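Notebook open, viewer loaded. I want to jot down what I looked up, one spot at a time.

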Amino acid sequence: MPGRRAVEERLPSLREELRVDFCIANGENLADGVGITPKLADKALASGVDAITLGNHVWRRGEIVPYLKESERVIRPANLSARAPGRGLTVVPAADGTEVAVINLLGRLFLTPVVSPFEVADDLVGQARSRTPIVVVDMHAEATSEKVAMARMLDGKATAVIGTHTHVQTNDARILAGGTAAVSDAGMTGPHDSVIGVEAELAIRNMRTSMPVRFETAQGDVRIEGVLVECNADGRATSCELVRVPVP
């Protein structure tokens, strides 16, 4: 798959070029666009990803269930059922040994988590800050309003609130008044000559006819997209910049 190949082939050198100490990837679509498997998670981690967050497709590949029970670097949305395997918060050391807390949340619109992310976010950030002042939240949500609201709610508490899920990088990377970096969507690593990663003709056929169509991953205009956040030792962000790197 072009997105996976881009990460495996380009991420190690990109980390050096951008002087990245810690890399978080949303791995929601690693397995042919839907879900993730243990093998693919391990390959992403071996390619330079330090922590992987997930989303609404977390259970689409059954083999991931026992993996999530044990993994400390691959997390699922924290506001799923408390009985679900895995964790929604983890703390992983960066390249220099600094601990970084990563929290995964799932928005409400169209995604129907068990608990609202706004009910659990403060407690999760509090738990994270008991370990480290550097806290990054992946807000995996459909609605821009939910992502902006979460960033505002956690301003001054989290280092960064990064939106994922909609596959289109948004032009609102910023530092909020309290020192929290925020962006509504970090973008998509994969083929952009497409309809959010799918062969355009197939997606259009489905939308025009409302008939079932087997989607296939597109191949053209592959990019790595994301956001680069810098912060002080106290966890306050000092810069937040979009990243868009073509991968031939």
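Is Asp221 buried, exposed or partly exposed? I get 41% relative accessibility for Asp221, so it counts as partly exposed (buried is under 20% relative accessible area, exposed over 50%, partly exposed in between, with a 1.4 Å probe and protein chains only).

Ground rules before going on. This is a predicted model, where local features need pLDDT of at least 70 and side-chain atom pairs count only at pLDDT 80 or more, while totals for chains, interfaces and linings use all residues. Residues are numbered from 1 along each chain as its sequence is written, and side-chain values use heavy atoms, with hydrogens and water left out.

**Loop between helix 6 and strand 10**

I found Asp221 in the loop between helix 6 and strand 10. (Helices are DSSP runs of H or I with at least four residues, strands are runs of E with at least two, and both are numbered from the N terminus.) Its phi is near 55°, a positive value in a residue other than glycine.

I checked Ser210 next, which sits in the loop between helix 6 and strand 10. Phi of Ser210 is positive too, near 60°. Ser210 has 64% relative accessibility and therefore counts as exposed.

Then Ala218, also placed in the loop between helix 6 (200–209) and strand 10. Ala218 is at 1% relative accessibility, so I logged it as buried. Leaving out residues up to four places away in sequence, Ala218 touches Pro2, Pro191, Asp193, Ser194, Gly197, Val198 and Glu199 (contact means heavy atoms within 4.5 Å). I also noted 9.9 Å between the C-alpha atoms of Ala218 and Leu202, which are 16 residues apart along the chain.

**Helix 1**

Helix 1 (residues 2–18) bends by about 50° at Arg10, with a proline, Pro12, following within four residues. The bend is the angle between axes fitted to the seven residues ending there and the seven starting there. I listed the buried residues of helix 1 as Pro2, Gly3, Arg4, Ala6, Arg10, Leu11, Leu14 and Arg15. Their cover includes helix 2 (38–46), strand 9 (190–191), strand 10 (222–231) and strand 11 (237–246). Just after helix 1, I saw a positive phi of about 55° at Arg19.

**Helices 4 and 5**

My last stop was helix 4 (residues 117–129) and helix 5 (residues 144–153), whose axes come within 11 Å and cross at roughly 30°. Pro117, Phe118, Ala121 and Asp122 of helix 4 make the contact with Glu146, Ala149, Met150 and Met153 of helix 5.

Conventions: Axes are lines fitted to C-alpha atoms, for helices over the stretch in contact, and angles run from 0 to 180 degrees between N-to-C directions.
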